[in-house]
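I kept to what I could look up, and I give each cut-off where its term comes up.

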Amino acid sequence: MSSSSTPAWWARPIPWILVAGLLLIGGILLLPQDDSRAADDESGQDAEQPPALQADAVVVAPTRIAEQIRATGTLRADESVDLSVETAGRITSMDLPEGQTVSAGTLLLSVSNDDLYAEQRRLQAQLELAEAREERQARLLEEGGVSQETYDATQNEVEVLQADLDQVGARIAKTEIRAPFTGQLGLRYVSEGSYISPSTRIATLQRIDPIKVDFSVPEKYAGRVEAEQPITFSVRNSNEEHTARVMATEPRVNDETRSLRVRARASNDGNGLRPGTFADLTLTLGAVDDALVVPNFALVPNLGVQRVFVYRNGQAQPQEVGIGTRTSDLVEITEGLAPGDTVLTSNIQELRPGRPVEVATLRTVDDLDANTDAVVSPAE
């Protein structure tokens, strides 16, 4: 009996169709790549590179920048006094030209003092006799005509009379008002013949040229206020600007307002400025004549540091910087930049390190028409 068996897989015949397919696939893999496909791949890689960004820029150059404080102050007279008498009495003479300027020492008002002047004349006559007697006895003393004791008694009499005369003079002074300084009289509130006392309101005398300006600055700036610092100010309902200089400060900071009281002095030719007027003023704390500045909006905060984008070799490159005084438009760069550097100032949010950039408009700080005065709020 014959038997049949299945041959092993390697002994089986291979279909010709399968062989032909394998040869075709191998031939395709061995063919060289098409140049056009390579070119397409290369152009695809170029498309991933962003196009050059149009941006404005400013060239860094030294410029002057000032830090200032704006505040509200009050004008005060350089000298001011309320006129009053020290002794009560009836007004016997008065020369108070309202609104007029009077010279220092001018007699403005006196109350009844005839009895004092009479006593003064009596003492003056006695003093003159005593002084003449002293002169004669001084000559006789040299010749031995009088004793030393007699001369000493006469000399003592002269001194007593002089003291009595001085006392009467002091009492007369208390009945009179004389201008303590040259100044302008205010309105008077008494008339001749009125009975007045030390509490009676008579008039004021003020020297308003020069005039003082009182204002306050926050305590954080107290150490930066010095004598002779300039201020500018204007008064309400006037466009005229006036200048003054700091003359003094309080020795202590007010513990309630946490501010330092400052006083400046200004010229008041023509007496156009009046004491008691509010003044809007600006105090210059300091200035840097050769500061490097950039626009505020050019700064990019990044993890606690400040940086700007600098234009170098057609690309935007980040640069960390140190900053100082700020104004409303500009910021001082204390480190990180040098004169001549070009800082990008527009499309800041789209800038990336190394991104190609084309400068659309190139300007200088002078072209920006920016405010170079840093204004500090009094509330800071």
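**Lining of the largest pocket.** I sorted the lining of the largest pocket by residue class and found 8 nonpolar, 5 polar and 3 charged residues, where Ala, Val, Leu, Ile, Met, Phe, Trp, Tyr, Cys and Pro count as nonpolar, Asp, Glu, Lys and Arg as charged, and the others, Gly among them, as polar. The space in this pocket comes to about 330 Å³. Of the 16 lining residues, Leu185, Gly186, Leu187, Thr204 and Gln206 are the closest to its centre. I note the terms: on a 1 Å grid over the protein atoms alone, a pocket is an open set of points where a 1.4 Å probe fits, with protein on both sides within 12 Å along at least five of seven lines, and a lining residue has an atom within 4 Å of a point. Grid points are joined across faces, edges and corners, and the volume is the space filled by probe spheres set on the points.

**Basis of the values.** The model is predicted, so I kept in mind that local features need pLDDT of at least 70 and that side-chain atom pairs count only at pLDDT 80 or more, whereas totals for chains, interfaces and linings use all residues. Residues are numbered from 1 along each chain as its sequence is written, and side-chain values use heavy atoms, with hydrogens and water left out.

**Strands at the pocket.** Which strands supply at least two residues each to the lining of the largest pocket? I found strand 2 (62-83), strand 7 (183-185) and strand 9 (203-218), and strand 9 gives the most, with 4 residues. Helices (H or I, at least four residues) and strands (E, at least two) are DSSP runs numbered from the N terminus; the protein chain has 4 helices and 20 strands.

**Partners of strand 2.** I then followed strand 2 to its partners, taking two strands as paired if DSSP finds at least two bridges between them. Strand 2 runs antiparallel to strand 13 (residues 278-295), with 12 bridges between them, and isoleucine 65 stands opposite valine 288 there. Strand 2 is also antiparallel to strand 9, through 9 bridges, and in that pairing serine 80 faces glutamine 206.

I looked up an open sheet of 4 strands, which has the order 6-5-3-8 with antiparallel pairing. Strand 6 (176-178) and strand 8 (195-196) each have a single partner strand and stand at the edges, so one side of each is left without a neighbour in the sheet. Strand 5 and strand 6 are joined by 3 bridges, with serine 110 opposite glutamate 176.

**Two buried loop residues.** Leucine 96 sits in the loop between strand 3 (89-94) and strand 4 (101-102), and its relative accessibility of 9% makes it buried, a class that means under 20% relative accessible area, against over 50% for exposed and partly exposed in between (1.4 Å probe, protein chains only). Beyond four places in sequence, leucine 96 is in contact (heavy atoms within 4.5 Å) with Leu83, Leu108, Leu109, Leu185, Arg188 and Ile202. Asparagine 113 lies in the loop between strand 5 (107-111) and helix 3 (114-143) and is buried at 5% relative accessibility; beyond four places in sequence, asparagine 113 is in contact with Ile172, Thr175 and Glu176.

**Backbone exceptions.** Most residues other than glycine have a negative phi, and most peptide bonds are trans. Against that background, I recorded that the bond from aspartate 209 to proline 210 is cis, with omega near 5°, and that proline 210 belongs to strand 9. Asparagine 237 has a positive phi near 65° and is exposed at 86% relative accessibility, while leucine 303 has a positive phi near 55° and is exposed at 83%.

**Confidence.** For pLDDT, the predictor's confidence in each residue from 0 to 100, I read a chain mean of 86, with 84% of residues at 70 or more.
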